[in-house]
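Hello,

Here is the structure you asked to look at. Please open it before you read the notes below.

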Amino acid sequence: VVATNLADGATATASSIRGNYAEKYGPQHLLDGDPDTYFATGDDVKTVDIEFTLAGAKTFNRVQLQEYIALGQRVESFEIQVHVNGTWQSWGNGAKTTIGHKRIVLGSRVTADAVRLSVKSALACPVLSGFALYDDTVSGL
């Protein structure tokens with residue numbers, strides 16, 4: 001069912017956090033459901049890896065991403081990887097372009113215990129506000 005966010009209960013870590021102010025800009029804000037909080041890197045950091053450790057193995061086929069659009073669309077390209085049976089693998093047909101206000105990445109149904117979002121390039125430091133996982137069993141896509 002698409003209404004259930006399978007990332008609920010996950011924890012997040014990032015390879016870079018703006019000024020090491022984890023409380024204000026840490027990756028946990030991608031999971032809090034609050035559109036007014038966000039994750040950010042420092043001004044000079046335009047690539048970042050954010051790893052989401054799920055609360056147990058989850059089966060999904062959609063990843064939803066959101067930029068904090070009040071500060072503009074920044075991400076130029078990104079890739080999603082999933083952790084399956086102890087190995088990271090590319091998911092969702094490889095590298096993608098922009099995220100914007102909201103992007104839903106479609107992919108094959110997979111069961112993973114972690115997901116990694118790698119921002120490969122950005123116009124300015126990435127500022128992201130949302131991450132969610134869904135298992136769409138209705139659309140047939």
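This is a predicted model: local features need pLDDT of at least 70, side-chain atom pairs count only at pLDDT 80 or more; totals for chains, interfaces and linings use all residues.

Residues are numbered from 1 along each chain as its sequence is written, and side-chain values use heavy atoms, with hydrogens and water left out.

Strands (E, at least two residues) are DSSP runs, numbered from the N terminus. Two strands pair if DSSP finds at least two bridges between them.

Strand β3 covers residues 48–67 and is antiparallel to β1 (residues 11–14), with four bridges between them. T11 has T53 in β3 as its bridge partner. Strand β6 (residues 103–122) also runs antiparallel to β3, joined by 13 bridges; here K58 is partnered with A112 in β6. Six bridges link β3 to β7 (residues 127–134), again antiparallel, and L65 is partnered with F131 in β7.

R62 lies in β3. Is R62 buried or exposed? R62 counts as buried because its relative accessibility is 5%; buried means under 20% relative accessible area and exposed over 50%, with partly exposed in between (1.4 Å probe, protein chains only). The side chains of R62 and D136 make a polar contact of 3.3 Å (a pair of N or O atoms within 3.5 Å; within protein, one must be able to donate a hydrogen and the other to accept it, and residues adjacent in sequence count only if both atoms are side-chain atoms).

N85 sits in the loop between β4 (75–84) and β5 (87–96). N85 is exposed, with a relative accessible area of 78%. Its phi is near 50°, a positive value in a residue other than glycine. Most residues other than glycine have a negative phi.

Regards
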